[in-house]
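Visitor: Please take me closely through one part of this structure. Then show me what lies around it and beyond it.

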Amino acid sequence: MMHSHILQYINQHFKVKLILCLSVIIIVCSLVTGYASYRINLNMFESEISKQYLKTSEQTIEQIGFKIQDVYRITDFVFFHPLVEQIVQGTHAQPADGVSEAYRDFMLERNLADILLPLKNETPQIRAIYIVDLQGHNMYYSQSNASIQVRFPEFYEQVKKGMPTTSAEIVWQRMKIPDSSEPSGDKSSIVAARLLKSTKQQTAYGMIILVIDEAFLGNSLEPLMAGRTTGAYIYDQYNRLLYSREPQDTAAFEPKLEKREGSFIQHNNGEDYLFVKSVHEPRSFTLVSGISLTDIKAKGRNIYHLALISGLVSVILMAVSVYIFSAKLLRPLQVLVKAMQRVREGNLRVIIPKTSSDEFAFLSDSFNTMIANIQSLIQEVYISKLSEKEAELKALQAQLNPHFLHNALNSIYWKIMLLYDDVETASLVTSLSDLLKYSLAPVTTPSTLKDELAQIRNYITIQEARHGDELNVSIESDEELADCPMQRLLMQPLVENVFVHAFRDQTTDKRLLIRAYRHETDLRIEIQDNGCGMDSGMIHKILDEQTMYDERRERESIGVRNVVRRIYLVHGEPYGLDIRRLRPGTLIRLTLPYEAYYAKEGAAASDTNSSGGG
């Protein structure tokens with residue numbers, strides 16, 4: 001109840017409506033401008049941070065690339081050294097005479113150690129170097145930490161299983177290495193393995209395996225781990241995650257690896273994260289790192305809230321201002337409203353004085369002019385009422401004239417039959433009377449094919465009296481189609497068109513064939529004559545519903561076009577009218593629905609007949 005009173009109060013006071021409308025406008029504008037400022041600042045912050053973070057990421061991947069190149073340099077030294085291949089393959093040869101296999105293996109391992117001695121101190125993060133043959137037998141090892149406890153060939157098979165290719169590229173893996181110094185017994189390390197191939201035959205003869213401390217890659221990620229970093233992820237040349245570093249006090253997630261480089265944003269648990277992707281092109285290593293955009297969005301939301309608060313303050317100031325100044329500004333409107341109330345009570349002598357020259361003055365002048373016009377119209381209404389009654393009587397009389405003509409024709413028929421016994425003339429009068437009665441009914445009145453053909457026969461009877469024996473008309477129709485409903489007066493304009501145009505210059509042998517038959521679910525009616533025929537231009541104009549005139553251009557010829565239009569409005573496609581030129585003559589084919597139209601209109605017709613009979 002309270003709600004309805006409030007709405008009624010608002011509807012009755014323009015001042016309240018004005019305040020509400022302005023308040024809505026200001027609030028909407030504040031929302032739009034605040035959101036626009038929020039998005040602009042957010043995009044600006046994201047763009048700037050993205051540039052800085054991407055630059056740091058590129059510097060980091062460059063440092064990682066240098067370390068990767070060092071590993072390649074170490075393995076290249078072993079790969080291309082000719083004595084390494086001889087020593088590894090020599091372990092499978094027969095020892096020289098007088099030399100035991102143990103002594104031979106000892107000498108080969110010492111020679112291999114002399115070759116690889118310079119590599120021991122190259123990279124302090126390399127915890128162990130192993131050279132094995134293809135059976136996984138360890139030919140050489142150098143460990144900077146004796147706590148590493150790997151077994152061959154099991155360790156070799158484990159490394160080999162993670163190598164997706166047989167090329168001489170280094171394959172990087174992150175593995176758990178048995179380590180006695182760790183409480184868990186394992187230590188996560190990076191394993192770099194490379195097949196050793198003969199430089200001549202390009203056949204593999206062994207493998208070099210490097211066990212590298214994770215600090216080898218992790219130390220380079222320090223610049224990226226500041227702030228709200230979600231983590232840094234390094235992928236090898238096969239896009240496999242090689243190393244990841246995530247903050248301990250922050251929930252992290254591995255991003256979806258995008259195909260393109262640069263920055264991209266991903267969503268996780270309702271928050272947005274900015275990730276940057278950098279690629280070390282020489283070795284196809286990829287670094288992906290991300291930061292949370294929560295702080296940036298928080299600053300943007302502060303701007304948005306500030307805009308909303310300013311909008312609310314503007315609404316309050318606006319409401320106070322409108323309330324104070326509206327009394328003076330809207331006083332002419334109040335005078336106009338009071339004057340309209342007096343007019344509604346019946347006082348037509350109200351005049352509003354002109355107190356300004358603005359739009360309210362125009363309304364006042366218009367109101368005074370309207371009152372004067374109303375008084376003048378009231379004086380004229382009595383005369384117009386008399387004129388309307390006279391016009392109504394004339395209209396009723398004009399409406400009765402066609403029915404009077406029909407009744408007069410019936411009287412003439414009986415006079416001819418009773419006084420003169422002229423059956424032929426009486427038949428013409430009957431045909432004309434029935435035709436007139438049929439045409440007087442509204443075009444929407446239901447009809448059937450039998451009724452349409454009956455009126456066509458009445459029309460033919462009149463034409464036969466005019467043309468005599470030179471006219472030969474044949475009407476054919478299947479019995480099952482007699483009660484098929486169809487629109488009223490569809491065939492009459494077409495048949496009339498034959499006598500007006502097709503037979504206009506023909507004096508003998510005038511033949512007209514009207515045939516109705518059923519084709520599948522369609523009702524087809526063909527009207528064929530042997531007259532002068534239509535040219536293609538005329539047929540095109542009729543079917544395109546273009547405006548046509550008779551030869552004297554005295555009136556628009558609308559008979560055929562009316563039929564086309566009525567069929568289209570009631571039935572639509574694919575029903576309609578088709579005209580074909582014959583030699584001689586013309587064939588006009590009407591295509592109408594049979595079953596669907598019968599089901600719909602037949603029921604309506606039966607209902608109409610039932611109601612009319614009651």
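Guide: Strands (E, at least two residues) and helices (H or I, at least four) are DSSP runs, numbered from the N terminus. Two strands pair if DSSP finds at least two bridges between them. Residues are numbered from 1 along each chain as its sequence is written, and side-chain values use heavy atoms, with hydrogens and water left out. This is a predicted model, where local features need pLDDT of at least 70, side-chain atom pairs count only at pLDDT 80 or more, and totals for chains, interfaces and linings use all residues.

Our part is strand E15, which spans residues 522-529. Is E15 enclosed or open? Seven of its eight residues are buried (under 20% relative accessible area; exposed is over 50%, partly exposed in between; 1.4 Å probe, protein chains only). So the rest of the structure largely encloses E15.

Look at its partners. Strand E14, residues 510-519, pairs with E15 in the antiparallel sense, over eight bridges. One of the bridged residues is His519, whose partner in E15 is Asp522. E14 and E15 form a hairpin with two residues between the strands. Find Glu520 there: it takes a positive phi near 55 degrees.

Strand E17, residues 586-593, is another partner of E15. Eight bridges join E15 and E17, and they too run antiparallel. Pick out Leu523: its bridge partner in E17 is Leu592.

Now step across to strand E16, residues 576-581, where Ile579 sits. Ile579 has 6% relative accessibility, so it counts as buried. Its C-alpha lies 9.8 Å from that of Glu526, though 53 residues separate Ile579 and Glu526 in sequence. What does Ile579 touch, beyond its neighbours within four places in sequence? Its contacts (heavy atoms within 4.5 Å) are Met534, Ile539, Ile542, Leu543, Thr586, Leu587 and Ile588.

Next, the cores. A nonpolar core is a set of buried Ala, Val, Leu, Ile, Met, Phe, Trp, Tyr and Cys residues joined through side-chain atoms within 4.5 Å. The largest one has 45 residues. Which members touch the most others? Ile131, Trp172 and Ile212 do. Helix H2, residues 14-79, gives this core its largest share: nine residues. There is also a second, separate core, with 38 residues. Leu592, the partner of Leu523, belongs to this second core. Its members also include Leu449, Val495 and Ile588.

Stop at Thr448, in strand E11, residues 447-448. Thr448 has a relative accessible area of 17%, so it is buried. Set aside residues up to four places away in sequence, and Thr448 touches Ala482, Asp483, Cys484, Pro485 and Met486.

Go back to Trp172, in the largest core. Leave out neighbours within four places in sequence, and Trp172 still has a list of contacts. Among them are Ile68, Val71 and Tyr72, then Ile190, Val191 and Ala192, and also Ile212, Leu242 and Phe285.

Rings of Phe, Tyr and Trp (its six-membered ring) pair if their centres lie within 6.5 Å; planes under 30 degrees apart are stacked, over 60 edge-to-face, the rest tilted. The structure holds eight aromatic pairs. In one of them, Phe152 and Phe155, the ring centres are 5.7 Å apart and the planes stand at 85 degrees, so the pair is edge-to-face. Phe152 is partly exposed, at 22% relative accessible area. Phe155, at 4%, is buried. Ring pairs also bring in Tyr130, which forms a cluster with Phe152 and Phe155.

Trp172 and Phe285 are edge-to-face too, because their planes are at 85 degrees; their centres are 5.6 Å apart. Both residues are buried. Trp172 lies in strand E3 (171-178) and Phe285 in strand E10 (285-292), so this pair ties together parts 113 residues apart in sequence.

Follow E10 into its sheet. The sheet is open, with five strands in the order E7-E6-E10-E9-E8, paired antiparallel. The edge strands, E7 (241-245) and E8 (262-268), each pair on one side only. E8 and strand E9 (271-280) are joined by seven bridges. In one of these, Gln266 has Tyr273 of E9 as its partner.

End on Leu274, also in E9. Leu274 counts as buried, at 3% relative accessibility. Its C-alpha is 5.4 Å from that of Ile291, which is 17 residues away along the chain.
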